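Please walk through the fold below one element at a time.

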Amino acid sequence: MSDTMSDTALPLTAVPEPVRHSAPPASSLAIWPSSTVPLVDDDLAVGGVPLSDLAERFGTPAYILDEDEVRRRCRAYLRAFPDTDVFYAAKAFLCRAMAHWVREEGLGLDVCSAGELELAVTTGFPPERIVLHGNAKSPDDLRTALRLGVGRIVIDSTSEIARLAAAVPAGSRQKVLIRVVPGIAAGGHAKIRTGTDGQKFGLSLADGSAQHAVTRVLGQPRLQLVGLHCHLGSQITAVKPYLSAVRRLVGLLARIHEQHGITLPELDLGGGHGVAYRPGEPALDIVGLGAKIRAELAGSCAAAGLPVPRLAIEPGRAIAGPAGVVLYRVLAVKQTGGHTFVAVDGGMSDNPRPALYGVRYAPRLVGRRSAAATEPVTVVGRHCEAGDILASDVRLPGDIRPGDLLAVPVAGAYHLSMASGYNLVGRPPVVAVTKGHARLLVRREMLADIQGRDVGL
């Protein structure tokens, strides 16, 4: 279904008063944006806008992003991490509006490509508040970063050092961090654990690669080494791995001071802060994380005789993820082989995470009241792939039928940013909601967009 109305920020249907007697238990909405309100006919409003109205206006699939939830989470990080540079990890989800929101809330930006960098800077994001990452930065990535004046570049390999130094204009210096692999296993899946040796990111602490990189960078007059960086992985829900990382990195700071006589002023601990995708799942306590990291950093530096460096963190999923909801229409319901399959009009082209990492979601029927008992079903996508499964063994009303609207919370991170062109379906739009208004941020990818790129015959 294509977009059916303009992208102006017009109010949609007035939100009815919540019907408390038919409201779902509060626990079932715990993972939804905090603005979520139950309505009549088992609909939900997010940002003051009914989800069924959004589906009618913008079509499905569609991503709904609660602007106030994004801003609230930015502010929560600044409170939990005072005197810390908080960089939003753009890889989770980036568009012009998102860059604008996080800049207004006082966050910096962490980018991984020239594309993300250009979009942010042309939106008005200050380049000096941007950090560029990447295990294999292209020449265009480096040229763009230097041309635009990016604040920090994270060195990920020794081969990058000379290439970057050669590209820095004469008479200037580029501030850099070195990404260290501290040898700590953390993260929700093996494919997203990046703090251990044997994966592609960073320079090992155990084999001396990190120390060697420090020496190499210090030998480049056009590079200014300002600190160390590490990123342990993604979807981490425990504090302990971060504290271990602090101790190991402070140990390296002490060795650098002893060997080279310099005190590095910055320490970036990356992100990877886990969120709950289903009710009852754990999420990282960022208030506790902030307090314990600051205490550990102060204690470790005192023991090493070092001043406390400026701390930086890079949350992405924890800001964007819980602020997003994706809407799907049911296309088919099929009982076969002892299973019930509910097929929707999206799938792995707009959310590859279940296929990549086995992630489990909690889809919900909205916009129609059902008295039927719930039954276990598997929600699948429309793509020609057996692994196109959005949610396995979830309970939905037994009378689920084509045309029904399903809403999936915690859909703001690593959905559209990882979307593909599989089966030439086209990527969904992104719609912002706030205070009873909705506006289009990213329009739906149409067949004309796809055909426009196909220039050969």
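The paragraphs below take up strands, a helix, and some backbone features in turn.

The model is predicted: local features need pLDDT of at least 70, side-chain atom pairs count only at pLDDT 80 or more, and totals for chains, interfaces and linings use all residues. Residues are numbered from 1 along each chain as its sequence is written, and side-chain values use heavy atoms, with hydrogens and water left out.

Strand 5 covers residues 84–89; helices (H or I, at least four residues) and strands (E, at least two) are DSSP runs, numbered from the N terminus. Because 6 of its 6 residues are buried, strand 5 is largely enclosed by the rest of the structure. Here buried means under 20% relative accessible area, exposed means over 50%, and partly exposed lies in between, with a 1.4 Å probe and protein chains only. The burial applies to both faces of strand 5, with Thr84, Val86 and Tyr88 on one side and Asp85, Phe87 and Ala89 on the other.

What does strand 5 pair with? It runs parallel to strand 13 (residues 310–313) over 3 bridges, and it also pairs in the parallel sense with strand 6 (residues 108–111), again over 3 bridges. Two strands count as paired if DSSP finds at least two bridges between them. Asp85 has Ala312 of strand 13 as its bridge partner, while Tyr88 is bridged to Leu109 of strand 6. Between strand 5 and strand 6 the chain passes through helix 3 (residues 96–104), giving a right-handed β-α-β crossover. Right-handed means that, with the strands pointing away from the viewer, the path from the first strand over the helix to the second runs clockwise.

Next comes helix 4 (residues 114–122), in which Ala114, Glu116, Leu117, Ala120 and Val121 are buried. Seen down the axis of helix 4, these buried residues fall within an arc of 160 degrees, so they line one face of the helix; the arc is that of the directions from the helix axis to the C-beta atoms. An α-helix has 3.6 residues a turn, so residues three or four places apart point the same way. The buried residues of helix 4 pack against strand 6, strand 7 (130–132) and helix 5 (139–148). After helix 4 comes Gly124, with a positive phi near 110 degrees.

Asp66 belongs to strand 4 (residues 62–66) and is buried, at a relative accessible area of 1%. Not counting residues up to four places away in sequence, Asp66 touches Pro33, Ser35, Val46, Gly47, Ala323 and Val433, where contact means heavy atoms within 4.5 Å. The side chains of Asp66 and Ser35 make a polar contact at 2.5 Å. A polar contact is a pair of N or O atoms within 3.5 Å; within protein, one must be able to donate a hydrogen and the other to accept it, and residues adjacent in sequence count only if both atoms are side-chain atoms.

Some backbone features remain. Most residues other than glycine have a negative phi, and most peptide bonds are trans. Thr60 and Pro61 are joined by a cis peptide bond, with omega about -10 degrees, and Pro61 sits in the loop between helix 1 (51–58) and strand 4. Gln235 has a positive phi, near 60 degrees, and is buried at 17% relative accessible area. Leu424 also has a positive phi, near 55 degrees, but counts as exposed at 55% relative accessibility.
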